[in-house]
Amino acid sequence: MKDHIYDYRKFVIGGIALVIVLCYIARLAYLQLSDDEYKARAESNAFLNNIIFPSRGVIYDRNGELLVYNQPAYDIMVVMREMQHLDTLDFCHTLGITPEEFESRMATIKDRRKNPGYSTYTQQLFLSQIPSEEFSYFQEKLFRFPGFYVRERTIRRYATEHAAHILGDVAEVSSADVERDEYYDPGDYIGKQGVERSYEKELRGQKGVEVLLRDARGRIQGHYQDGALDRKPVPGKNLTLSIDIKLQQLGEYLMNGKMGSIVAIEPATGEILCMVSAPSYDPHRMEGKQRGAQMLEMQRDPMKPMLNRAISGTYPPGSTFKISQSLTFLQEGVISPSTLYPCVGGFRFGRLHLGCHAHGAPLPLVPAIATSCNSFFCWGLYHMFGNRKKYDSTQDAMTRWKDHMVSMGFGYKLGVDLPGEARGMIPNAAYYDRRLGKSWSALSVISISIGQGEVTLTPLQIANLGATVANRGYYITPHVVKKVEGSAVADSLLKKHKTMVDESYYKIAVEGMRSAVTGGTCRAANSLQYEVCGKTGTAQNRGQDHSVFMGFAPKENPQIAIAVYVENGGFGATYGVPIGALMMEQYINGALSPESEKKAETFHNKHIDYGTRER
């Protein structure tokens with residue numbers, strides 16, 4: 001009888017052999033068609049791809065004054081396979097580094113975790129941003145150091161000592177940056193903060209490349225195919241900011257020795273005229289190789305100079321918030337311009353007492369704005385939240401209230417073209433249901449009517465409220481870039497946002513803000529040259545109150561809306577109003593009068609003692 005076992009064994013052995021052959025074929029196909037390693041090795045012996053970096057776009061202020069420009073610098077590159085018989089001591093002496101630094105840099109280059117694109121056949125960054133004056137000495141001796149090459153690039157330089165938070169800076173890419181965008185290679189530079197970051201793609205341009213031919217000894221013979229494969233770099237686009245650098249300079253001068261912010265907006269366009277965050281820092285500190293050490297020092301500073309308080313700081317808006325309450329109560333029919341509310345030393349309801357300063361009472365809306373009466377706005381919120389003819393519940397009224405606040409630009413990011421914007425806090429009904437239970441009432445949250453309690457805004461949002469009132473009911477997304485070379489500003493930055501309040505009610509709010517300047521809490525902002533409208537705020541705080549001012553000028557066809565926020569500055573009239581008045585005068589008139597210059601010097605020299613408290 002025939003044994004079939006040997007027949008099966010024959011097929012098994014044949015199958016194994018076939019699988020082995022197919023594996024070899026697949027591997028060969030992968031190496032030849034997909035894997036570029038051997039191709040790269042072969043080409044690296046014959047070709048050198050010399051990356052040419054584009055010049056980064058320069059930055060101007062709204063009047064054409066140069067703010068940021070480029071300066072030539074050089075990177076030292078190394079091809080590990082070609083680095084033979086190197087005199088390390090001579091090399092280190094030429095570059096002004098120690099042998100320990102040399103070894104450390106080499107170890108970093110070879111570490112694939114820190115340098116994922118590492119290859120012994122391609123150029124790796126050894127040392128970056130060598131200034132031209134230091135580079136010339138190295139270039140004379142370059143022939144002694146096989147495997148090392150020079151790559152020309154530019155570094156950022158600042159023509160101003162101001163606007164650091166707006167301008168931002170550039171630094172070497174992180175591994176995350178390289179993974180996120182294939183444009184970048186290790187050693188490249190990218191915008192890290194300010195407009196350098198938010199407009200990175202416009203500013204960076206496109207890299208070029210020179211394909212150079214080498215002989216068997218690695219010596220450059222010229223351009224491959226006479227440069228047919230070369231690609232010229234495309235320069236980055238220039239930016240024109242909406243910032244008036246002279247106004248910015250004055251704002252930083254006035255905020256010397258203080259913590260807080262000044263934000264000014266052109267109401268008709270949404271263009272940000274200045275954005276001061278104090279304390280600030282000189283942008284020159286972020287230039288070149290010193291950036292890392294300078295940044296670490298500032299991060300350790302308890303005053304947090306790197307924090308852009310204008311868009312990242314959130315504060316109680318205080319009485320500036322009463323303008324939004326006036327408009328909401330009018331629109332919802334809670335009050336009319338002639339509605340009178342009492343003020344007996346403040347708002348009193350049973351055991352609840354929310355104080356107020358001395359003024360006449362009872363009084364209607366316009367004088368209530370002018371005198372900043374706490375009681376008037378507390379009564380308005382009480383009657384709105386308790387109106388069961390219009391709202392089914394307190395929660396329903398609260399939702400309507402919040403909808404008004406959101407339409408005015410509160411509670412969410414405005415969408416400014418800078419990184420790091422905070423949204424602030426506008427509480428909703430669900431928030432209070434969780435915190436207080438579902439039986440809470442207007443009396444439980446009455447302080448939100450005067451910009452206290454859980455309500456917080458950024459200085460940008462407070463300035464935007466001023467711009468919205470100036471426009472009688474709408475705002476355009478605030479932005480710091482006025483023009484991108486060769487293209488228009490994004491449509492999203494020019495969008496007109498209409499609030500839920502009729503224009504007729506804004507006219508009443510404007511009269512109240514004008515009365516605050518002519519005979520109320522903002523008298524220090526009054527001017528004989530143009531009509532100023534304003535509103536003070538004294539925001540309660542765990543320590544000294546914050547000094548706040550929000551306003552615009554002129555009353556008709558406004559040119560500037562502004563918010564001033566001075567942490568622990570006391571009454572709004574102490575710091576907020578006079579600083580705001582000086583800023584408006586500078587922008588509208590183009591300069592300060594001699595008398596105003598003396599006032600500016602006084603505020604420059606007035607420091608607030610913040611001690612060493614943790615912030």
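Colleague: Which residues does Trp-401 touch, leaving out those up to four places away in sequence?
Modeller: This is a predicted model. In it, Trp-401 touches Phe-321, Gln-325, Thr-328, Leu-381, Met-384, Phe-385, Ile-426, Pro-427, Ile-448 and Val-455, with residues up to four places away in sequence not counted.

Colleague: And which residues have the most contacts inside the largest nonpolar core?
Modeller: Those are Phe-385 and Trp-401, in a core of 94 residues. Another core lies apart from it and has 38 residues, including Ala-264, Ala-278, Val-517 and Val-577.

Colleague: What tends to happen to nonpolar side chains in soluble globular proteins?
Modeller: They tend to be buried together.

Colleague: How many aromatic pairs are there?
Modeller: The count comes to 22 aromatic pairs. One of them joins Phe-321 and Trp-401: the ring centres are 6.4 Å apart and the planes stand at 70°, so this pair is edge-to-face.

Colleague: Where do Phe-321 and Trp-401 lie?
Modeller: Phe-321 is in the loop between helix 12 (309–312) and helix 13 (322–331), whereas Trp-401 is in helix 16 (residues 394–407). The pair therefore ties together parts that are 80 residues apart in sequence.

Colleague: Are those two buried or exposed?
Modeller: Both Phe-321 and Trp-401 are buried.

Colleague: What about Phe-376 and Phe-377, how are their rings arranged?
Modeller: They form an edge-to-face aromatic pair, with 5.3 Å from centre to centre and 65° between the planes. Phe-376 has 0% relative accessibility, so it counts as buried. Phe-377 is buried as well, with a relative accessible area of 0%.

Colleague: Which residues form an aromatic cluster?
Modeller: One cluster is made up of Phe-91, Phe-102, Phe-126, Phe-138, Phe-145 and Phe-148.

Colleague: What sits over the ring of Tyr-183?
Modeller: The charged end of Arg-204 does, 4.0 Å from the ring centre. The charged end of Lys-207 also sits over the ring of Tyr-183, at 4.9 Å from its centre.

Colleague: How many bridges join strand 19 and strand 20?
Modeller: Strand 19 (residues 546–553) and strand 20 (residues 560–566) pair over seven bridges, in the antiparallel sense. Phe-549 stands opposite Val-564 in strand 20.

Colleague: Where are the cis peptide bonds?
Modeller: One joins Ala-278 and Pro-279, with omega about 0°. Pro-279 is in the loop between strand 12 and helix 11 (291–299). A cis peptide bond also joins Ala-361 and Pro-362, where omega is about -5°. Pro-362 is found in the loop between strand 14 and helix 14 (365–371).

Colleague: Now Ala-163. What is its phi?
Modeller: Ala-163 has a positive phi of about 65°, although it is not a glycine. Ala-163 lies in the loop between strand 5 (148–158) and helix 6 (164–167), and it is buried, with a relative accessible area of 4%.

Colleague: And which residues does Gln-248 touch?
Modeller: Not counting residues up to four places away in sequence, Gln-248 touches His-162, Ala-163, Ile-166, Ile-243, Cys-274, Met-275 and Val-276. Gln-248 is found in helix 10 (residues 245–254) and is buried, with a relative accessible area of 0%.

Colleague: Last one: is Arg-351 buried or exposed?
Modeller: Its relative accessibility is 87%, so Arg-351 counts as exposed. Arg-351 lies in the loop between strand 13 (346–349) and strand 14 (352–355).

How values were computed
Residues are numbered from 1 along each chain as its sequence is written. Side-chain values use heavy atoms; hydrogens and water are left out. Rings of Phe, Tyr and Trp (its six-membered ring) pair if their centres lie within 6.5 Å; planes under 30 degrees apart count as stacked, over 60 as edge-to-face and the rest as tilted. Helices (H or I, at least four residues) and strands (E, at least two) are DSSP runs, numbered from the N terminus. Buried means under 20% relative accessible area, exposed over 50%, partly exposed in between (1.4 Å probe, protein chains only). A charge sits over a ring if NZ of Lys or CZ of Arg is within 6 Å of the ring centre and within 35 degrees of the ring normal. Two strands pair if DSSP finds at least two bridges between them. A nonpolar core is a set of buried Ala, Val, Leu, Ile, Met, Phe, Trp, Tyr and Cys residues joined through side-chain atoms within 4.5 Å. Contact means heavy atoms within 4.5 Å.
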